[in-house]
Amino acid sequence: MADKITTQNGELQVSNNPIIPFIEGDGIGPDIWKAASKVLDAAVEKAYNGEKKIEWKEVYAGQKAFDKTGEWLPEETLNTIREYLIAIKGPLTTPIGGGIRSLNVALRQELDLFTCLRPVRYFEGVPSPVKRPEDTDMVIFRENTEDIYAGIEFKEGTPEVKKVIDFLQNEMGQTNIRFPETSGIGIKPVSKEGTERLVRAAIQYAIDNNRKNVTLVHKGNIMKFTEGSFKAWGYELAEREFGDKVFTWKEYDRIVEEDGKDAANKAQDDAVAAGKLIVKDSIADIFLQQILTRPAEFDVVATMNLNGDYISDALAAQVGGIGIAPGANINYETGHAIFEATHGTAPKYAGMDKVNPSSVLLSGVLMLEHLKWQEAADLVTKAVEKTIASKVVTYDFARLMDGATEVKCSEFADELIKNM
Ligand SMILES: NC(=O)C1=CN([C@@H]2O[C@H](COP(=O)(O)OP(=O)(O)OC[C@H]3O[C@@H](n4cnc5c(N)ncnc54)[C@H](OP(=O)(O)O)[C@@H]3O)[C@@H](O)[C@H]2O)C=CC1
Ligand SMILES: O=C(O)CCC(=O)C(=O)O
Ligand SMILES: [Mg+2]
């Protein structure tokens, strides 16, 4: 009999037949979900000789939910995911400049899924715009509940924005709103708690997975009390909670001040030799250059919501594009998680059975790993490696590869199952 995933003493309890809710998604969602779920089912069946099986439970969000219930994100969907802990979703459409706020962001906020985890690795044979794509092997920890994504915005010309601008000018003494009559205003909350739980998760992940460094990416020179504080709180947490397991650039700077640069370099070399994790930081603009020019220097990345969104797609491009970039939204404290592709609904390809299902499929692999069903996860990963190496690929890779055979989304799934 199928049953719920639960937690006990912080550990997931997963039976052989867990019920997992899924949201099919808008646009290309139905195509990629059909392909990906078929591959995930085949991997589980093969890895455990039929002893384990996921019981998929559809829940609604986006257009399908609206058509059925008149609501974009029904309370029942949220309650089901709350109850069943783990879910997986396809992309959901967000209109630009007006209309409903992002349902993707709402799911993360409602369930307090504070980490958006996006691993970026290279699969041999994938077409890439860089010379050594294999040097890119990073794991992004993107803060998922705060920042400009909190949705605190006031539209130009409304009584609300006028009130906010009056307050800023008259009570806070702000004189820098260049065109107050025609400004919209957005507010960017970044908290100490929000930063600490994200940076804690990133450092713990780096230690558990033998990673060499964590980079705090911020624009703290300009946004001093949000992004700048993110950096400061991140370093403080690293030193306070991880002690001699880490060596921070904050400590490096202290040594430079007291004993000079040579001593600081030696301390860092000693820390590396002792296997300590280096916790460093980078300002977001130069970071975007350096992930292209020297990606091997970066390992785990901890950053705020908007930076993380940009960095995710930029890094995905280096290893073949968002067609193959997986992700997960996780609350490490409650055990709730929603696994999710990095890309969106790609509306021009909706219903064409054309796009690459790998992003949502590899999100499913992250989910299998999260359930500790490593054997099934490995079968999918190996099948992706083998299929790409054989140059049987969807349009996104085929257009950049010599001698490739272009297949449809569903045919790619069949090929993966054949290669399992
Ligand atoms: N988490 C989520 O659910 C997300 C939702 N969105 C939403 O999706 C909608 C569309 O956003 P948009 O900015 O166009 O971004 P998309 O990620 O949907 O698509 C942009 C381009 O990326 C490529 N692409 C996307 N998915 C795939 C895939 N599976 N296989 C191969 N190529 C792919 C296509 O490139 P090409 O044209 O070169 O073929 C596509 O035109 C918006 O409403 C947005 O808000 C966006 C991001 C995340
Ligand atoms: O919610 C959306 O529509 C976009 C979100 C997004 O781009 C992301 O989370 O990477
Ligand atoms: Mg994005």
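Biologist: Where is Asn49 found?
Modeller: Asn49 is found in the loop between α1 (29–47) and β4 (55–58), where helices (H or I, at least four residues) and strands (E, at least two) are DSSP runs numbered from the N terminus. This is a predicted model, in which local features need pLDDT of at least 70 and side-chain atom pairs count only at pLDDT 80 or more, while totals for chains, interfaces and linings use all residues. Residues are numbered from 1 along each chain as its sequence is written, and chains are lettered from A and ligands numbered from 1 in the order in which they are written.

Biologist: And what is phi of Asn49 near?
Modeller: Phi of Asn49 is near 45 degrees, a positive value in a residue other than glycine. Most residues other than glycine have a negative phi. Phi of Leu85 is positive too, near 70 degrees, and Leu85 lies in the loop between α3 (75–84) and β5.

Biologist: Is Asn49 buried or exposed, and is Leu85 buried or exposed?
Modeller: Asn49 counts as exposed because it has 7 C-beta neighbours inside 10 Å, whereas Leu85 is buried, with 24 other C-beta atoms within 10 Å. The cut-offs are 20 or more other C-beta atoms within 10 Å of a residue's own for buried, 12 or fewer for exposed, and partly exposed in between, with C-beta atoms placed from the backbone.

Biologist: Switching to the ligands, which residues surround ligand 2?
Modeller: Ligand 2 is surrounded by Thr94, Ser102, Asn104, Val105, Asp309, Ser312, Thr342 and Gly344, a residue being near a molecule or strand if its C-beta atom, placed from the backbone, lies within 6 Å of it. Helices α4 (103–110) and α11 (305–318) each supply at least two residues of that shell, which by class has 1 nonpolar, 6 polar and 1 charged residues. Here Ala, Val, Leu, Ile, Met, Phe, Trp, Tyr, Cys and Pro count as nonpolar, Asp, Glu, Lys and Arg as charged, and the others, Gly among them, as polar.

Biologist: What about ligand 1, which residues come nearest?
Modeller: Of the 18 residues around ligand 1, Pro91, Thr94, Gly323, His343 and Gly344 come nearest, and the shell divides into 7 nonpolar, 9 polar and 2 charged residues.

Biologist: Which residues does the UniProt annotation "modified residue: N6-succinyllysine" cover?
Modeller: That annotation, from an unreviewed UniProt entry, covers Lys89 and Lys231. They span 143 residues in sequence, and the farthest two C-alpha atoms are 31.6 Å apart, so they do not all gather at one spot. UniProt positions are given in the numbering used here, feature names are shortened, and annotations may be inferred rather than shown by experiment.

Biologist: Where is each found, and what does Lys231 touch?
Modeller: Lys89 has its place in strand β5 (residues 86–89) and is buried, with 27 other C-beta atoms within 10 Å. Lys231 is found in helix α7 (residues 227–242) and is also buried, with 24 other C-beta atoms within 10 Å. Not counting residues up to four places away in sequence, Lys231 touches Leu216, His218, Gly220 and Asp281, contact meaning that the two C-beta atoms, placed from the backbone, lie within 7 Å.

Biologist: What stands opposite Leu216 in β12?
Modeller: Asp281 stands opposite Leu216, and 6 bridges join the parallel strands β10 (residues 213–218) and β12 (residues 277–283), where pairing requires that DSSP finds at least two bridges between two strands.
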